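Me: I've got a model open and want to talk it through. Can you take a look with me?

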Amino acid sequence: MEPAFAILIGLFFSVAVYLLMSRQLVRVLLGVAIFGNAVNLLIFTSGRLLREVPPVIPAALQVPDVTIANPLPQALILTAIVISFSFFAFLLVLAYRAYQELGTDNVVEMRVAEPTGETAPPQGY
Amino acid sequence: MRTVIFRTIAPYLAALMVLFSIFVLLRGHNEPGGGFIGGLIAASAFAIYGIGCGVAAVRRAITFHPMSIAAAGLFLGGVSGLPSLFTGQPFMTSQWWYVHMLGVEVPLSTPLFFDIGVYLVVVGAITSIALGLEERESD
Amino acid sequence: MAASDYPVDLSQAMRMDPVPPGDWLIVAPLLITILGGALCLMTRKNTDAQPKVAIIFLTLLVLACAGLLARVLDKGVLTMVAGNWLPPFGIAFTVDAMGATLALVSSIVALAAAVFGINDIDKSGRRYGFYPFLLLLMTGVCGAFLTGDIFNLYVWFEVLLISSFGMLVLGNERAQLDGAVKYALLNIVATTLFLIATGLLYGILGTLNMADIARKAAAGGFEGPLMTVAVLYFLAFAMKAAAFPVNFWLPASYHTPRIVVAALFAGLLTKVGVYALLRIFGVLLPDARLMLSDLIAVVAIATMLTGVIGALAQTDLRRLLGFLVISGIGSMLAGLAIGTAPAMAGAIFYAVHSILVMTALYMAAGVMRALGGSYSMRELGGLYRASPVLAAVFLMLAFAVSGLPPFSGFWPKVLLVDAALQDGHGWIAGAILLTGLLTTIAVGRVWIYAFWRGGAEGTADGQLTATLVVPDEVRGPGVWLPIGLLLGLVVLIGLQPEFMMQVAQRGALTLVEPLGYLRSVFGDTVQ
């Protein structure tokens with residue numbers, strides 16, 4: 001299963017990078033969302049893929065008696081999902097506000113903080 | 001969205017969902033559930049109530065500002081790591097107390113309080129975002 | 001259900017020996033900032049009480065970090081595993097001299113910023129949550145310095161990042177939104193790269209505990225895959241630290257927020273990236289550092305020189321300082337590139353110096369703006385007459401940032417140049433010295449234009465056209481106390497460098513020879 005997942009992850013990453021390089025902020029945001037999901041899938045795969053046996057230890061035992069799914073990547077992904085979700089929410093609001101204030105969603109035209117045609121510092125008094 | 005049916009149902013639905021979220025929160029220690037998912041259920045209850053009856057009604061109903069609720073949860077979560085200081089164990093080590101109430105043994109533990117903290121953080125943060133977005137739509 | 005229903009032998013999963021209460025100092029910085037941040041957030045509406053609560057908690061933080069550093073110097077590397085699980089299963093906090101020192105200096109800077117913010121942050125900024133964000137930012141910063149778990153490091157990075165977003169857009173001006181878009185996007189890409197590398201590392205070694213990673217990586221067998229991980233980490237943290245050629249987000253955003261926010265960011269955020277690089281390439285993947293050292297050296301030199309040349313080309317004071325932050329990152333990376341114990345000590349020392357001096361410079365720039373009405377070098381002038389004290393303060397900070405004695409910038413540069421020459425890296429030494437010279441020119445020119453000449457551009461020689469009114473907002477202890485505190489430390493470290501030198505060497509020793517680090521986590525049996 002891992003090779004198929006590796007190809008899928010690669011596909012996710014290439015789509016994400018393509019979108020991230022776009023000039024439209026909305027596309028960049030979509031790229032960020034796909035980027036995050038690609039990483040989640042990557043972590044899931046690097047925890048090794050198994051048939052779904054829930055990682056629950058029976059009450060009488062100290063160690064599980066069958067091979068169970070690795071719970072750690074799932075915990076990591078849950079953390080990563082929560083974080084990337086909150087980032088995405090922030091970015092959406094930020095992009096919307098930036099669009100309202102700056103009147104453009106083209107990142108090349110967003111030059112309020114770094115105006116073009118800045119002069120060099122003074123050379124003498 | 002503000003049909004008569006929805007407006008009539010929304011308060012009952014929200015109350016039911018909040019009750020269910022507390023059930024999910026409490027069963028979370030040994031079975032699927034817990035503070036995070038419980039908090040999400042409660043937050044969606046408030047969001048539904050907000051869609052049905054308006055954001056002002058939700059803010060009145062929950063008394064405190066959502067961010068204050070989240071802060072209280074953060075505080076509770078932080079404090080629940082502290083009791084192990086007094087038993088010579090590291091930060092966040094779980095402590096259990098078995099309390100007998102009305103003939104029933106009730107296990108209380110620091111993970112429970114931590115989970116309640118998580119619940120409040122999630123309720124506060126998500127409700128804050130949801131209400132913010134709903135307010136923007138209405139004006 | 002009572003506990004007796006499960007006949008579980010806890011000694012197989014948990015440490016049974018008691019933990020001395022003093023070890024709680026390891027998590028004290030996190031507890032203080034989280035609880036303080038929560039309290040501040042609850043009292044968000046009470047704008048008068050907020051600074052007081054924040055200052056009380058940040059003072060506690062400084063004390064806790066000082067106690068932690070003292071304990072680390074006394075007992076060596078300290079470890080506490082959350083929840084008492086046996087390592088590597090629990091989330092470990094492992095503190096060495098480097099982490100404790102950086103946490104202490106950061107908390108001092110945060111305290112200074114909290115005091116400076118009383119004047120700089122107005123009521124609406126406070127209601128928006130400047131002080132809660134400040135405390136939660138410190139949670140992230142301290143957590144990153146103190147953690148011993150690589151995924152936990154990622155979480156702390158996100159905590160500080162999301163707090164920094166909040167602070168960056170405080171005020172909602174157009175330029176801020178523009179800067180925040182670039183800052184947010186590039187930092188999210190950087191943390192995502194960090195997460196990719198961590199996922200791959202977990203896939204290769206099956207562990208996330210830093211000491212365990214160091215142990216398993218040293219055992220060999222995965223050189224190729226680990227190299228990929230190392231390069232990803234390098235790119236991710238170079239982006240965080242604003243190293244060339246992934247530094248462009250910093251000068252695009254750091255000049256947009258309130259000056260106290262910019263001061264805090266310039267002091268702290270990039271250094272957390274440098275810290276992560278030192279930790280990962282020192283302790284976790286030392287073999288990869290050896291192979292990458294030439295690349296790191298090239299990046300370091302390019303960062304130093306592009307930073308300072310960028311500074312020379314700026315008219316806006318804040319953007320000039322932003323480029324100087326980048327230039328300083330280059331010097332720290334040079335220490336990592338050389339990789340010997342003295343070089344690492346130089347990098348740690350430089351980080352301490354840079355945290356103090358960059359924050360103080362931004363604060364001084366804020367005062368200059370209040371006096372002269374602008375950040376532009378063309379419009380400033382004659383400030384010497386308005387505030388001779390500020391002229392002296394800025395001159396001292398300018399000397400310090402250029403690495404001239406007797407200030408804190410001198411000693412780390414001595415360490416770095418000496419280490420470079422001893423290890424046969426003459427070109428790194430040359431680049432550090434050249435950067436020092438160019439920095440002197442860049443900041444010296446600011447001083448001449450802003451303080452020495454009589455007024456704005458076009459004023460004739462000998463004329464004084466600047467207004468000499470000192471506005472109320474820069475009177476009083478709220479402005480001068482934090483600047484004085486930071487400047488005092490800069491001078492003190494410059495005159496009495498022995499203590500810092502010793503601490504930096506202790507930190508560097510853990511990086512170069514991490515046995516003490518491993519033993520602190522796994523007990524004395526580790527070879």
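Me: Let's start with chain A. How many helices and strands are there in chain A?
Reply: Keep in mind this is a predicted model. Chain A has three helices and zero strands, and along the sequence the pattern reads α-α-α.

Me: Is chain A a compact globule or more spread out?
Reply: More spread out. Its radius of gyration is 23 Å, whereas the globule rule gives 14 Å for 125 residues, so chain A is more spread out than a compact globule. Along the principal axes, the C-alpha trace spans about 85 × 35 × 30 Å.

Me: What share of chain A's residues is buried?
Reply: Buried residues are 23% of the 125 in chain A.

Me: And what about contacts in chain A between residues 24 or more positions apart?
Reply: Those account for 55% of the contacts with a separation of 6 or more.

Me: Ok, switching to the interfaces. How many residues are in contact between chain C and chain A?
Reply: 39 residues of chain C touch 36 residues of chain A. On the chain C side, α6 (150-168), α7 (174-205) and α10 (249-253) each give two or more residues.

Me: Which of those gives the largest share?
Reply: α7(C), with 18 residues. By class, the side of chain C that touches chain A has 23 nonpolar, nine polar and seven charged residues.

Me: What about chain B against chain C, how many residues there?
Reply: That contact takes 19 residues from chain B and 21 residues from chain C. On the chain B side, α4 (66-79), β1 (96-101) and β2 (104-109) each supply at least two residues, and α4(B) gives the most, with seven. The chain B side divides into 12 nonpolar, six polar and one charged.

Me: Now the strands in chain C. How does β1(C) pair with β2(C)?
Reply: β1(C) and β2(C), residues 92-95, run antiparallel over four bridges. C:Met80 stands opposite C:Phe93 in β2(C).

Me: Are the faces of β1(C) covered or open?
Reply: Both are covered: C:Leu78 and C:Met80 are buried on one side, C:Thr79 and C:Val81 on the other.

Me: Last topic, the largest nonpolar core. Which residues touch the most other members?
Reply: C:Leu134, C:Ala360, C:Ala364 and C:Leu397, out of 294 residues in that core. Helix α14 (residues 341-372) of chain C gives the most to the core, with 23 residues.

Me: What is C:Ala364 in contact with, leaving aside neighbours within four places in sequence?
Reply: C:Leu390, C:Val393, C:Phe394, C:Leu397 and C:Ile483.

Definitions and conventions. Residues numbered from 1 in each chain as written. Chains lettered and ligands numbered in written order. Predicted model: local features only at pLDDT ≥ 70, side-chain atom pairs only at ≥ 80, totals over all residues. Contact = placed C-beta atoms within 7 Å. Nonpolar A, V, L, I, M, F, W, Y, C, P; charged D, E, K, R; others polar. Buried ≥ 20, exposed ≤ 12 C-beta atoms within 10 Å, placed from the backbone. Pairing = 2+ DSSP bridges. Core = buried A, V, L, I, M, F, W, Y, C linked by C-beta atoms within 7 Å. Rg over C-alpha atoms; globule rule 2.2 N^0.38 Å.
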